[in-house]
Amino acid sequence: MGLAAISCKTPVFSKAEKALINEGSAETAFRILQVTDKQDAVLLRTPCTGLNRFADDPTLGRLVARMTTTLLTGNGVGIAAPQVGISRNIFLFMRLDLPGEPIVTAINPRIVNHPDTTICFERDGCLSIPHFQGNSIRYPWVEVEYYNEKGELIRERLEGYSRHDTFTSIIFQHEYDHLQGILFTDKLCEE
Ligand SMILES: [Zn+2]
């Protein structure tokens, strides 16, 4: 009883997170943390925590809008909240496999199934790692679960793992790793 009352009042974001998110308008890009900066690197390596009771939270709306602006400004195909200084389980990924290539928000995402085999994805790159591309070990497909901004649970299988075709499944895996403090440079294929 007491616990329920407390959790209802628990804010989605901390004061410090709210301050950072509301520092700019929806059209204001965040500064993207860089692994070459010592303080940034610590945050990029910190595992994130989940979001609770986030549906229709205005701060979440602002975060997603600003992350979208940041992604488009940086010409990326995915961005995770820790890359903009918010250590929470949320990222955006571009659906290269869908018409119009929409940017989709994934909250509290999980990889629930994948094949035993891996492939070597060509020229992985990251907005937080300047001037470096490398081939990374990835699954060719993943079955995933995540919540959208409305709080609806989505479960789907993501395919595509080639630069020559689409690589939606790779984007999801790359962004999901960010939430665990893992960077693609940890997963380079042996040449
Ligand atoms: Zn990245």
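Student: In this predicted model, is C48 buried or exposed?

Tutor: A residue counts as buried when its relative accessible area is under 20%. For C48 the relative accessible area is 12%, so C48 is buried.

Student: How many disulfides does the structure hold, and which cysteines form a disulfide?

Tutor: There is one disulfide. C120 pairs with C189, with 2.1 Å between their sulfur atoms. This bond joins strand β4, which contains C120, to the segment after α5, which contains C189; the pair therefore ties together parts 69 residues apart in sequence.

Student: What is the handedness of the disulfide between C120 and C189?

Tutor: Handedness is read here from the torsion about the S-S bond, which is about 120° for C120 and C189, so the disulfide is right-handed. As to accessibility, C120 is partly exposed at 39%, whereas C189 is buried at 13%.

Student: Which residues coordinate the zinc ion?

Tutor: Donors are N, O and S atoms within 2.8 Å of the metal. Here the zinc ion is coordinated by SG of C126 and by NE2 of both H174 and H178, at 2.0 to 2.3 Å. The spacing of these donor residues in sequence is C-x47-H-x3-H. C126 in strand β4 and H178 in helix α5 are 52 residues apart, so this pair links distant parts of the chain.

Student: Are C126 and H178 buried or exposed?

Tutor: C126 is buried, its relative accessible area being 12%. H178 is also buried, with a value of 2%.

Technical notes. Residues are numbered from 1 along each chain as its sequence is written. This is a predicted model: local features need pLDDT of at least 70, side-chain atom pairs count only at pLDDT 80 or more; totals for chains, interfaces and linings use all residues. Side-chain values use heavy atoms; hydrogens and water are left out. A disulfide is a pair of cysteine sulfur atoms within 2.5 Å. Helices (H or I, at least four residues) and strands (E, at least two) are DSSP runs, numbered from the N terminus. Buried means under 20% relative accessible area, exposed over 50%, partly exposed in between (1.4 Å probe, protein chains only). Donors are N, O and S atoms within 2.8 Å of the metal (3.2 Å for Na, K and Ca); water is not among the atoms, so sites may look incomplete.
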